[in-house]
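Please look through the structure below together with its sequence. The paragraphs that follow go from the strands to selected side chains.

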Amino acid sequence: MNKSEYYQEKTITNWQGSSYSHVKLIEIRSVDDIKYSLSYAKELGLSIAVKGGGCSYSDVFLNNDGIVLDLINFIKILSFDKANLIIEVESGARLDRLLDLLLPQGFTLPIVPGVRFPSVGGLLAVSYTHLTLPTKRIV
């Protein structure tokens, strides 16, 4: 893949639209995309930020003149082991999709944020404390 085709030059904003950043945006679809992006950033000496659902009140994914890995398409729920209460997801999987899987089967999270659209990776990145509990207390 030609490197100039690999990313998009974009201006992105935080959720509130109060801050913006001009970035090289890379849409992640696989683990190989992540590996390539890290190598590419190192080669160019650019910093990397990760954007999940884009629901952060902060500006954590804004990375002016750097690379932003967009997880909008890295969203699969890979497995749900009910016996051991383990769910494997890609980091861009949104909370609403996770709840859509859990609720009909009689499972839920003990506390859900006020917005159903953050990504699982984003919740972990900002230390959403209720998702750092031991697995058996989550589901």
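This is a predicted model: local features need pLDDT of at least 70, side-chain atom pairs count only at pLDDT 80 or more; totals for chains, interfaces and linings use all residues.

## Sheet and salt bridges

Within strand E4, valine 68 is the bridge partner of leucine 25. Four strands together form an open sheet of mixed pairing, arranged in the order E1-E2-E4-E3. Its edges are strand E1 (8-13) and strand E3 (48-51), each of which pairs on one side only, and neighbouring strands are turned against each other by 45 degrees on average, direction ignored.

Strand E2 also contains serine 21, which counts as buried because its relative accessibility is 1%, under the 20% limit. The side chain of serine 21 reaches the backbone nitrogen of asparagine 63 at 3.2 Å, and the residues that serine 21 touches, leaving aside those up to four places away in sequence, include Lys10, Ile12 and Leu62.

Turning to charged side chains, a search of the whole structure finds three salt bridges. In one of them, lysine 24 pairs with glutamate 9, with the closest N and O atoms 3.0 Å apart; because lysine 24 lies in strand E2 and glutamate 9 in strand E1, the pair ties together parts that are 15 residues apart in sequence. Lysine 24 is buried at 18% relative accessible area, whereas glutamate 9, at 42% relative accessibility, counts as partly exposed.

Another salt bridge joins arginine 94 to aspartate 96, the closest N and O atoms being 2.6 Å apart; here arginine 94 is partly exposed at 31% relative accessibility, while aspartate 96 is buried at 10%.

Methods
Residues are numbered from 1 along each chain as its sequence is written. Side-chain values use heavy atoms; hydrogens and water are left out. Two strands pair if DSSP finds at least two bridges between them. Helices (H or I, at least four residues) and strands (E, at least two) are DSSP runs, numbered from the N terminus. Axes are lines fitted to C-alpha atoms, for helices over the stretch in contact, and angles run from 0 to 180 degrees between N-to-C directions. Buried means under 20% relative accessible area, exposed over 50%, partly exposed in between (1.4 Å probe, protein chains only). A polar contact is a pair of N or O atoms within 3.5 Å; within protein, one must be able to donate a hydrogen and the other to accept it, and residues adjacent in sequence count only if both atoms are side-chain atoms. Contact means heavy atoms within 4.5 Å. A salt bridge is a side-chain nitrogen of Lys or Arg within 4 Å of a carboxyl oxygen of Asp or Glu.
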